[in-house]
Amino acid sequence: MLWLLLIVAILAGAWTWQRYQGFAKAPLAGIEAGDSLLVARGDSLDSVLRKLQAGGARTGEPVQWKLLARKLGAAGKLQIGEYALEPGIDPEQLLLAMRDGKVVRRKFTIVEGWNIRDLRAALAKVELLEHASKDMDDAALMRTLDHAGEHPEGRFLPETYAWVRGDSDLDVLRRAYQAMDMALDAAWTSRVEGLPLNSKGEVLTLASIIEKETGIAEERPAIAGVFVRRMKIGMRLQTDPTVIYGMGSTYAGNIRRSDLTTDTPYNTYTRDGLPPTPIAMPGVAALRAATHPADGDALYFVAVGDGSGRHVFTRSLADHQGAVRDYLQRYRAQQQAGPK
């Protein structure tokens, strides 16, 4: 009789082990593409299983999960965060991900040329990111970021930043601020001699103007060269993007001659030198252009007007006026032709 009980026990154990092995590698049922699991602080394996079940997953027996967690070294070591649940994932893969903290990493991109209003509006639309700054004005935002009294414009590097569930917009902004600090330090340290720029702040301001003047990467050093030469001889920068920035919310997509003569702190037609702050978020290429302007003798530039976004660079006012006439002629011809 004893030998019979022993055989039954062995067979039962073998069946249990086979079932356990099958469980570890069997895809979880009820998982759909895009599903995720959020492990919060203090969550146990039991509470994680309840979350899985509440989301529609069929998880098997808790004892199977506990045995598997012990085998994988995941018992009591589940890391907080959001985990991807894609069709085909099995219990072993999920436990290993939670043990190793392989959380879902989302991305947010700051676009070159955005101003602080653009940046904050874009952050406010990001789902699942905590919006800790939504009730802060710009001054309060900078105080919270430990940069009280600093103007926020230009201070956040255009780049793609990873974030995870539980992060806030302030976390993203801190990373972007630190990245700009590093990029600006690198640009300032490597600057060429003889620049009419006395501080990293002035580099940032000039770079922001260059960023707004062109989207053509290879033109940035040439545009920087024009502005640097103007600054050296005391000529006003006379750049439309600064005027537009000074107009604020009154800018409706068109800049008129009267706007060029209306004085604001940012109107570089009516005021000498750089504006008081940056006017946008410049990228690394614009920072380098500001500190490595192209050589030459051009003091003017105007858009070609052929839809390429490129510019014509000229040395004299007469040549510049001719380039402007050419631009206006192309522009009017395009307007008369209408959309293609």
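Residues 24 or more positions apart make up 66% of the protein's contacts with a separation of 6 or more, contact meaning heavy atoms within 4.5 Å. This is a predicted model: local features need pLDDT of at least 70, side-chain atom pairs count only at pLDDT 80 or more, and totals for chains, interfaces and linings use all residues. Residues are numbered from 1 along each chain as its sequence is written, and side-chain values use heavy atoms, without hydrogens and water.

Q: Why is the protein called more spread out than a compact globule?
A: The protein has 13 helices and six strands. Its radius of gyration is 30 Å, well over the 20 Å that the globule rule gives for 340 residues, so the protein is more spread out than a compact globule. The radius is taken over C-alpha atoms, and the rule is 2.2 Å times the number of residues to the power 0.38. The C-alpha trace spans about 115 × 50 × 35 Å along its principal axes.

Q: Why is T264 called buried?
A: Buried means under 20% relative accessible area, exposed over 50%, partly exposed in between (1.4 Å probe, protein chains only). T264 has 17%, so T264 is buried. Its place is in the loop between α11 (257–261) and α12. Leaving aside neighbours within four places in sequence, T264 is in contact with G246, T270 and R271.

Q: What covers the buried residues of α12?
A: The cover includes α7 (169–189), α8 (200–213) and α9 (220–233). The buried residues of α12 (residues 284–291) are A286, L287, A289, A290 and T291. Helices here are DSSP runs (H or I, at least four residues), strands likewise (E, at least two), numbered from the N terminus.
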